[in-house]
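Thanks for asking me to look this over. Here are my notes, as numbered points you can check against the view.

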Amino acid sequence: MIDKIKKIVIWFWLNIEKFVLVVMIGILGYRVYVIAFPPPPPAEETYSPPRKEVPEELKSPLPPPIPPGSVPGTYSSLWRENPFWYYAGEPSVGKGEQVISEKDLGVTLLNIRQVGDRWRAQLRTRSTTKWYDEGEEFEQFILEQINPEEKTVVIYSEQYGRRFTLQMRR
């Protein structure tokens, strides 16, 4: 019995190339058959031509207008003060406290008024006189805070990198 199995395995091993050749010819024959007699194409969906009028079921009322957004905040602190540097908020070493007057800044507080539910400040710079809201940027300054009780405003100067409090002249 072992001799018969051994002979079958040896015969199979010696003829394996012929078996591979028969399988490859079978695959090649199938591919040629598919090319010669292709299957029918799938059924295509037919579409109707466009109509000149929109059907009633597709008509809908216009969407409501977009509500006005709030005024975005000031993001200049992202480039004004480096958040990844340990000494970003501290003054440089060796610089003494400089005394800077309104005349050096070139900004004068003229008036403070309430418009609606917000306060506005009239500021005169070297080039113009305008009304500004809190958080508004102008020239090289940012109006950060308006205090109507004390008649003062706090502005940030990008030139000096500091905040200054301006008081209205009486």
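1. A word on pairing before we start: two strands pair if DSSP finds at least two bridges between them. Strand 4 and strand 5 have two bridges and pair in the antiparallel sense. Within these strands, Glu 137 stands opposite Ile 142 of strand 5. Please keep in mind that this is a predicted model.

2. Four strands form an open sheet in the order 4-5-6-7, and their pairing is antiparallel. Because strand 4 and strand 7 stand at the edges with a single partner strand each, one side of each is left without a neighbour in the sheet.

3. Which residues touch the most other members of the largest nonpolar core? They are Leu 109, Leu 123, Leu 143, Val 153 and Ile 155, out of 17 residues in that core. At least two core residues come from each of strand 1 (108-115), strand 2 (118-124), strand 5 (141-147), strand 6 (152-157) and strand 7 (162-167). Strand 5 gives the most, with three residues. As a general background, nonpolar side chains tend to be buried together in soluble globular proteins.

4. Leu 143 deserves a click of its own. Setting aside residues up to four places away in sequence, Leu 143 touches Ala 121, Leu 123, Tyr 132, Asp 133, Glu 134, Gly 135, Glu 136, Phe 138, Val 153, Val 154 and Ile 155. Among these, Leu 123, Val 153 and Ile 155 are also listed with Leu 143 as core residues that touch the most other members.

5. Next, two backbone angles to look at. Most residues other than glycine have a negative phi. Glu 139, however, has a positive phi near 45°, and its place is in the loop between strand 4 (137-138) and strand 5. Lys 151 is not a glycine either, yet its phi is positive at about 55°. Lys 151 is found in the loop between strand 5 and strand 6. Its relative accessibility is 30%, so Lys 151 counts as partly exposed, the class between under 20% for buried and over 50% for exposed.

6. Last, is Ser 157 buried or exposed? Ser 157, which is in strand 6, counts as buried because its relative accessibility is 0%. A polar atom of the Ser 157 side chain lies 3.3 Å from the backbone nitrogen of Tyr 160. Leaving aside neighbours within four places in sequence, Ser 157 is in contact with Leu 105, Gln 140, Phe 141, Arg 162 and Phe 164.

Key
Residues are numbered from 1 along each chain as its sequence is written. This is a predicted model: local features need pLDDT of at least 70, side-chain atom pairs count only at pLDDT 80 or more; totals for chains, interfaces and linings use all residues. Side-chain values use heavy atoms; hydrogens and water are left out. A nonpolar core is a set of buried Ala, Val, Leu, Ile, Met, Phe, Trp, Tyr and Cys residues joined through side-chain atoms within 4.5 Å. Buried means under 20% relative accessible area, exposed over 50%, partly exposed in between (1.4 Å probe, protein chains only). Contact means heavy atoms within 4.5 Å. A polar contact is a pair of N or O atoms within 3.5 Å; within protein, one must be able to donate a hydrogen and the other to accept it, and residues adjacent in sequence count only if both atoms are side-chain atoms.
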